[in-house]
Amino acid sequence: MGVKRMANDKGRLRVKLFSLLLLSFLVVFLCRFAYELYFTANDLVVTYTNNEYGGYSSESSRKVTNVATDKIKQTDFSGQEVFLDQKYEKTANMASKTSDFESDNDRLRTVVTDNKAVIQMEKLSGLSGMRALDITIGVSPANFDKMVDEVKNIGHLTSFAVNKIDKTDEFKTLMAEAETLKKTRASYLVIKEKGGGVKDLLLLEDKILEVEKNLQNLGVNLGVYSTENSFCTVNLKLNEVSKRQISALFVLKAAKDSFVWSIFAFISLMFIVTVVFGFAAVSIEIFFFMKRKRPVQADGAEPTVKEDR
């Protein structure tokens, strides 16, 4: 009876162990199957000229430079509060995907109008179903945060970053260069009024023209820093995507892929568990073996070894 009962207990233990393993495998399989159905069904199939997908990479962002101006409060050496102009470049780079390109494109135009922003550059590429819109928008600093939050909700946001770079020192450097050029031009004009040889006057005229040209180039650069053109930049890349239709063939393929993946994952997991428990069992056996081999005195003290004389 004892042997038969022990055999029955072993049989029940095997059934429980098999059921536990089967249940674990089903859980792994169902989780992977749900993953395949959701993420693969919403997979993105986009082909267009841009070589980056998901992150922002726009040619237009390298051609448009906006500089904003803020009044910052400081305390001078006398302890009085003064307000200084801070020049900075603030840019939001975003990328989004959408399966309703027309609707989200219209929403974007509405957001631009509502925030009194300016579309400074845009590029539309690709055919219907695979279109990509790269757009650069200039917006006033006061409306920047509000507009960024609204653009985030257009489509499904895939990447987002905001950068702010101080440009005050660069502005001061340009102003100093412009002032130097103006003084140089004034000096040349004074010399020109004094007269001289034709050759000297021609050389002087060339120098004056060169100074004028440099002043014009500086004027263009300084125009970016003017308070009237105080803008922050919003760069958006909107990618059109198409959702895959879920068919019986798609479900069967997802089930097959999930089953194969689950087998490999389950076998790998069982191997790791077996190795870990096997190592633990061997370590325990070695520990007790060494403990049995060590002689212990009655009082629990370590045995003393007599030296041979």
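Reader: What percentage of the residues in the protein chain is buried?
Author: This is a predicted model, in which local features need pLDDT of at least 70 and side-chain atom pairs count only at pLDDT 80 or more, while totals for chains, interfaces and linings use all residues. Residues are numbered from 1 along each chain as its sequence is written, and side-chain values use heavy atoms, with hydrogens and water left out. Buried means under 20% relative accessible area, exposed over 50%, and partly exposed in between (1.4 Å probe, protein chains only). Of the 309 residues in the protein chain, the buried share is 26%.

Reader: How many helices and strands are there in the protein chain?
Author: Helices (H or I, at least four residues) and strands (E, at least two) are DSSP runs, numbered from the N terminus. From that end, the order of elements is α-β-β-α-β-β-α-β-α-α-β-α. The count is six helices and six strands.

Reader: Which residues touch the most other members of the largest nonpolar core?
Author: A nonpolar core is a set of buried Ala, Val, Leu, Ile, Met, Phe, Trp, Tyr and Cys residues joined through side-chain atoms within 4.5 Å. The largest one has 22 residues. The members that touch the most others are Leu108, Ile137, Val139, Phe144, Met147, Val151 and Val234.

Reader: Which residues is Val151 in contact with, leaving aside its neighbours within four places in sequence?
Author: Contact means heavy atoms within 4.5 Å. With those neighbours left aside, the partners of Val151 are Met94, Leu108, Val111 and Leu236.

Reader: Is Thr136 buried or exposed, and which side chain does its own side chain make a polar contact with?
Author: Thr136 sits in strand S4 (residues 132-139). Because its relative accessibility is 0%, Thr136 counts as buried. A polar contact is a pair of N or O atoms within 3.5 Å; within protein, one must be able to donate a hydrogen and the other to accept it, and residues adjacent in sequence count only if both atoms are side-chain atoms. At 2.9 Å, the partner of the Thr136 side chain is the side chain of Asn235.

Reader: Which side chain makes a polar contact with the side chain of Gln86?
Author: Gln86 belongs to strand S2 and is buried, since its relative accessible area is 17%. Leaving aside neighbours within four places in sequence, its contacts include Ala68, Lys164 and Asp166. The polar contact, at 3.0 Å, is with the side chain of Asp166.

Reader: How far apart in sequence are the parts that Arg131 and Glu240 tie together?
Author: A salt bridge is a side-chain nitrogen of Lys or Arg within 4 Å of a carboxyl oxygen of Asp or Glu. Arg131 and Glu240 form one, with their closest N and O atoms 2.8 Å apart. Arg131 lies in the loop between strand S3 (118-125) and S4 and Glu240 in strand S6, so the parts tied together are separated in sequence by 109 residues.

Reader: Which residues are linked with Lys167 in a network of salt bridges?
Author: Lys167 forms a salt bridge with Glu170, and the closest N and O atoms are 3.5 Å apart. Lys167 is buried, because its relative accessible area is 15%, whereas Glu170 is partly exposed at 38%. The residues linked with Lys167 in the network are Glu89 and Glu170.
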